[in-house]
Amino acid sequence: TEAIADGRVPARAVHNDTKLNNLLFDRRSDRPICVIDLDTCMAGSSLFDFGDLARNTSVPTPEDELELERVRVDRALFTALVEGYLEGAGGVLTAAELDLFPLAPRVFALTLGVRFLADYLRGDTYFRIHRPAHNLERARAQFQIVRKMEEGEGWMRDIVDSVRRRVFA
């Protein structure tokens, strides 16, 4: 947020809720044809969109996974996501944004984990729950994602840098 506040990272029009279920797919080709759920679009940062998408898409376990040892960041999914995002960005991303891409998903996992925990402590008034302690379980899974992303920061950075060199060469 400091990089955004001091102008090193530009404000952009962003979706703010990037995930696969906010894409409409063509039934015949299985290719995405448009973005939906546009009520969250506003000024923000590409780091918000990439961070939330990578947090959501590169972790193949459910958001409320109970067996925390199963929570991991999938390198192949993360690589494909970085490749697709950077190819689709059309070269508009700045060096400062790309430098922060490996950190953005971890920040989003931490933020969401804190939000789940706070909601649990407030009596589950914001997020819909499906069982007692559901938000606590979600918080634990998000904090495990943070741990896994901290452990994988080196390879995540290597992937972003490698794709960046290839796409913007």
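**Helices and their packing**

Biologist: Which residues of H2 are buried?

Modeller: Helices (H or I, at least four residues) and strands (E, at least two) are DSSP runs, numbered from the N terminus. Buried means under 20% relative accessible area, exposed over 50% and partly exposed in between, with a 1.4 Å probe and protein chains only. H2 is mostly covered, with ten of its twelve residues buried. In H2 these are Ser46, Leu47, Asp49, Phe50, Gly51, Asp52, Leu53, Ala54, Arg55 and Thr57.

Biologist: What pLDDT must side-chain atom pairs have in order to count?

Modeller: Residues are numbered from 1 along each chain as its sequence is written, and side-chain values use heavy atoms, with hydrogens and water left out. This is a predicted model, in which totals for chains, interfaces and linings use all residues, local features need pLDDT of at least 70, and side-chain atom pairs count only at pLDDT 80 or more.

Biologist: How far apart are the end C-alpha atoms of H3?

Modeller: The expected span of a helix is 1.5 Å times one less than its number of residues. H3 has 15 residues and should therefore span 21 Å. The separation of its end C-alpha atoms agrees with this, at 21 Å.

Biologist: Which residue caps the N-terminal end of H3?

Modeller: A polar contact is a pair of N or O atoms within 3.5 Å; within protein, one must be able to donate a hydrogen and the other to accept it, and residues adjacent in sequence count only if both atoms are side-chain atoms. Here the backbone nitrogen of alanine 76 lies 2.9 Å from a side-chain oxygen of the capping residue, aspartate 74.

**Aromatic pairs**

Biologist: What is the angle between the planes of phenylalanine 50 and tyrosine 85?

Modeller: Rings of Phe, Tyr and Trp (its six-membered ring) pair if their centres lie within 6.5 Å; planes under 30 degrees apart count as stacked, over 60 as edge-to-face and the rest as tilted. The structure holds eight aromatic pairs. Phenylalanine 50 and tyrosine 85 form one of them, edge-to-face, at 5.4 Å centre to centre and 70 degrees.

Biologist: How far apart in sequence are the parts that phenylalanine 78 and tryptophan 155 tie together?

Modeller: Phenylalanine 78 and tryptophan 155 form an edge-to-face pair, 6.0 Å centre to centre and 85 degrees between the planes. Phenylalanine 78 is buried at 0% relative accessible area, and tryptophan 155 counts as buried at 17%. Since phenylalanine 78 lies in H3 and tryptophan 155 in H7 (residues 153–167), the pair joins parts separated by 77 residues.

Biologist: Which residue in the turn between E2 and E3 has a positive phi?

Modeller: E2 (residues 23–25) and E3 (residues 32–35) pair in the antiparallel sense over three bridges, where pairing requires at least two DSSP bridges. They form a hairpin with six residues between them, and a phi of about 60 degrees belongs to aspartate 30.

Biologist: Is threonine 111 buried or partly exposed?

Modeller: Threonine 111 has its place in H5 (residues 104–121). A polar atom of its side chain lies 2.8 Å from the backbone oxygen of valine 107. With a relative accessible area of 42%, threonine 111 is partly exposed.
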